[in-house]
Amino acid sequence: MTHVLRRSRLLIAAVAAGALALTGCGSSDDSSGDSASPATSRVVEATNGKVTVPANPKRVVGINYATGALLDVGITPVGTTKIEEPLELTPEQRAVGAEIPEVGAGDQVNLEKVASLKPDLIIVEGADFDWPIDKLTAIAPTLYFEVTKPSELVGSAEKIAQAVGKDAELKKLKDAYAARLAEVKGKYPEALEKKFTTVSTYGEGKFYIGTRTSWIGQVLNGLGAGFAKESDKTDTHENEYSQEKISVLGDADVVLIGNSGGKFTEQTEEMLATGQWKLLKAAKAEQVHGVDFSYADRYTTLTAVLTQVEKILQGLG
Amino acid sequence: MPAPPSARFTRPVTVLVLIALLAAVAVLSLAVGAKSIAPGEVWRVLLDNDGSDDAVVIWDRRVPRTLLGIAAGAALGLSGALMQALSRNPLADPGLLGVNAGAAAAVVTAGTLIPAAGEGTTILFACAGAGLATAIVYTIGRGGGRRATPVRLVLAGMATSAVLASFTAALTLIDNDSADRLRFWMVGSLAAAKGDEVVLVAPVIALAAAVGIALGARLNALALGDEAGRALGVDPGRVRLVTLVVVTVLCGAATAAIGPITFVGLMVPHAVRLFTGPDQRRLLPLSTLLAPIVLLGCDVIGRVAARPGELEAGVVTAFVGAPLFILLVRRRKVADL
């Protein structure tokens with residue numbers, strides 16, 4: 001069910017700008033140094049309205065993308081829906097993620113299991129799949145952050161961090177990403193002048209070219225990289241093409257393709273094996289690279305992609 | 001009294017017209033696609049495969065796609081006509097006896113249990129699943145040693161399809177990757193046609209089609225009822241079994257290669273019947289010729305309708321075919337079987 005967002009490789013134009021403004025305003029009560037009455041709850045505005053949640057939740061259930069957003073800021077959910085693409089955990093998070101009890105998969109949430117975990121907060125982050133918000137609310141305060149397009153995921157992860165009082169942890173991740181971006185940009189000015197593109201395919205004779213607002217495209221955009229003609233767009237995050245039109249990638253020097261489980265998918269391998277693909281400049285120059293965490297939805301995975309892009313830039317001399 | 005429809009359309013002329021139409025659609029299929037290639041250039045690279053991008057598009061994509069469209073279309077048209085004759089049911093499509101459900105179940109099972117098997121093996125699993133499902137249906141249909149009458153076969157087919165469909169649904173709910181794999185396959189598309197698939201499927205379809213078309217006279221005899229058929233020297237049980245095997249091979253191979261576009265198999269025999277009447281000796285070969293025209297024509301429309309992407313042939317077939325089918329039903333009395 002998650003494939004709606006899986007296809008739409010993610011991300012973020014407005015987030016970078018809007019995020020700072022959002023960062024400060026999560027808690028309803030952090031007034032001065034009056035330690036005598038620490039706030040026990042805060043009110044959070046989510047898609048399902050204003051919800052009063054504990055200030056320091058101890059037992060959080062993460063549903064869909066929320067689990068990744070929580071792990072990023074150091075909260076281990078007591079329950080999660082199955083962690084599977086497009087939600088990807090970093091290698092460090094994987095061991096932790098594997099230990100979390102599952103409360104369903106995709107958009108199927110097992111309410112009895114959720115209740116048995118006795119959560120004090122439930123967070124749902126994902127596309128509109130008729131989540132049982134009312135029933136979850138009967139179990140514990142529930143925050144629902146609806147994502148209508150992939151580019152909203154990072155902003156949504158930010159709101160989750162604020163909702164659980166982890167603004168500082170989020171800011172660290174965000175600043176680290178911005179700093180790395182500036183560092184790489186300064187280090188490889190010549191390599192960044194090459195023309196980049198990002199593609200994906202699900203077989204059936206078609207493929208998709210990601211634009212500047214696609215997820216990988218956004219990292220490249222942040223670096224000020226050059227874009228191949230068909231990727232040099234911002235109106236949508238990706239466009240569909242028949243594989244007959246592979247040659248439109250002819251001007252690209254470097255092609256980046258999202259990996260699945262650390263390698264290309266069968267469908268990608270199939271496309272790369274076609275005669276048309278082999279005629280591409282990038283293919284001849286062996287500048288077709290797989291990128292892990294390409295379904296990233298938050299700052300840790302954004303940074304992970306940036307690190308991989310840096311390696312590719314190194315190779316370009 | 002007006003002359004019977006079959007007398008007004010002499011067979012050789014109709015056949016020649018259909019062959020000419022098929023050739024025209026095939027030429028269009030080679031010339032038209034998501035990538036614009038000038039007709040002169042198409043002709044040049046057809047004669048001289050120079051390894052250019054245009055040549056690769058024509059030889060690696062459009063040629064296999066066209067051949068597969070012809071083979072699969074013929075298979076669907078003929079298997080639909082045979083299935084309607086076999087079941088004496090004008091609503092029968094080639095998937096009625098569980099062929100599609102079996103193929104889909106096998107595709108999903110293979111994807112879930114042996115994910116390493118890879119995309120290329122889908123076609124083999126689909127064939128095996130189609131065959132297995134039909135075997136089950138036939139066994140149920142003649143359970144207790146009784147004869148496999150059309151009604152018993154159809155009921156057994158429906159029951160088996162229902163069981164297989166729920167099995168498929170259960171697996172796709174558990175496993176997201178299987179759901180994805182099935183989702184693309186279910187639509188039905190020629191876009192992913194590959195040369196080796198054509199080489200695998202086309203001879204099988206050609207052989208089965210030859211046997212199927214040759215069944216015409218015997219099916220005519222059976223249309224009068226089993227008793228009359230026997231009096232004419234036709235063994236109903238054997239003819240039914242052979243027809244069933246032929247339908248399974250044809251529909252199984254086509255479905256495995258391009259997905260379940262069975263609507264072609266339902267619609268085309270109806271259209272042909274308007275011209276031929278119920279004579280299977282004409283109905284079967286003409287359905288075999290008309291169906292690939294429809295399928296390949298729809299595929300060509302799909303290629304230009306959604307540039308720079310494409311619409312799957314399965315989608316176009318339904319969009320173009322359904323209104324035509326409704327028109328057909330409304331225009332005149334649907335020819336009885």
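What percentage of the 317 residues in chain A is buried? Buried residues account for 49% of chain A. A residue counts as buried if 20 or more other C-beta atoms lie within 10 Å of its own, as exposed if 12 or fewer do, and as partly exposed in between, with C-beta atoms placed from the backbone. The model is predicted: local features need pLDDT of at least 70, side-chain atom pairs count only at pLDDT 80 or more, and totals for chains, interfaces and linings use all residues. Residues are numbered from 1 along each chain as its sequence is written, while chains are lettered from A and ligands numbered from 1 in the order in which they are written.

Chain A holds 13 helices and 14 strands. Helices (H or I, at least four residues) and strands (E, at least two) are DSSP runs, numbered from the N terminus. Of the contacts in chain A between residues at least 6 apart in sequence, 66% join residues at least 24 apart. Two residues are in contact if their C-beta atoms, placed from the backbone, lie within 7 Å.

Strand S9 of chain A spans residues 195-200. Five of its six residues are buried, so S9(A) is largely enclosed by the rest of the structure. Strands pair if DSSP finds at least two bridges between them. S9(A) runs parallel to strand S13 (residues 254-258) of chain A, with four bridges. It also runs parallel to strand S11 (residues 226-227) of chain A, with two bridges. A:Phe196 has a bridge partner in each: A:Val254 in S13(A) and A:Phe227 in S11(A). In a regular strand, side chains alternate between the two faces of the sheet.

The pairing of S9(A) with strand S10 (residues 206-210) of chain A is antiparallel, over three bridges. Here A:Ser200 stands opposite A:Tyr208. Five residues lie between the strands of this hairpin, in which A:Gly203 takes a positive phi near 80°.

Two helix pairs of chain B were examined next. Helix H4 (residues 53-87) and helix H9 (residues 195-214) of chain B pack at about 30°, with their axes 9 Å apart. Axes are lines fitted to C-alpha atoms, for helices over the stretch in contact, and angles run from 0 to 180 degrees between N-to-C directions. H4(B) and H9(B) are therefore roughly parallel. Angles under 35 degrees count as roughly parallel, over 145 as roughly antiparallel, 65 to 115 as roughly perpendicular and the rest as oblique. The crossing of H4(B) and H9(B) is left-handed. A crossing is left-handed if the near helix is turned anticlockwise from the far one by less than a right angle, and right-handed if clockwise. Residues in contact include B:Leu67, B:Leu68 and B:Ala71 of H4(B), and B:Val198, B:Val201 and B:Ile205 of H9(B). By class, this contact has 14 nonpolar, two polar and one charged residues. Ala, Val, Leu, Ile, Met, Phe, Trp, Tyr, Cys and Pro count as nonpolar, Asp, Glu, Lys and Arg as charged, and the others, Gly among them, as polar.

Helix H10 (residues 216-223) and helix H14 (residues 280-305) of chain B pack at about 130°, with axes 8 Å apart. H10(B) and H14(B) are therefore oblique to each other. Their crossing is right-handed. B:Gly216, B:Ala217, B:Leu219 and B:Asn220 of H10(B) make the contact with B:Gln280, B:Arg281 and B:Leu284 of H14(B).

Between the chains, 21 residues of chain A are in contact with 19 residues of chain B. Strand S12 (238-242), helix H10 (266-272) and helix H11 (275-278) of chain A each supply at least two residues of the chain A side. That side divides into three nonpolar, 10 polar and eight charged residues.
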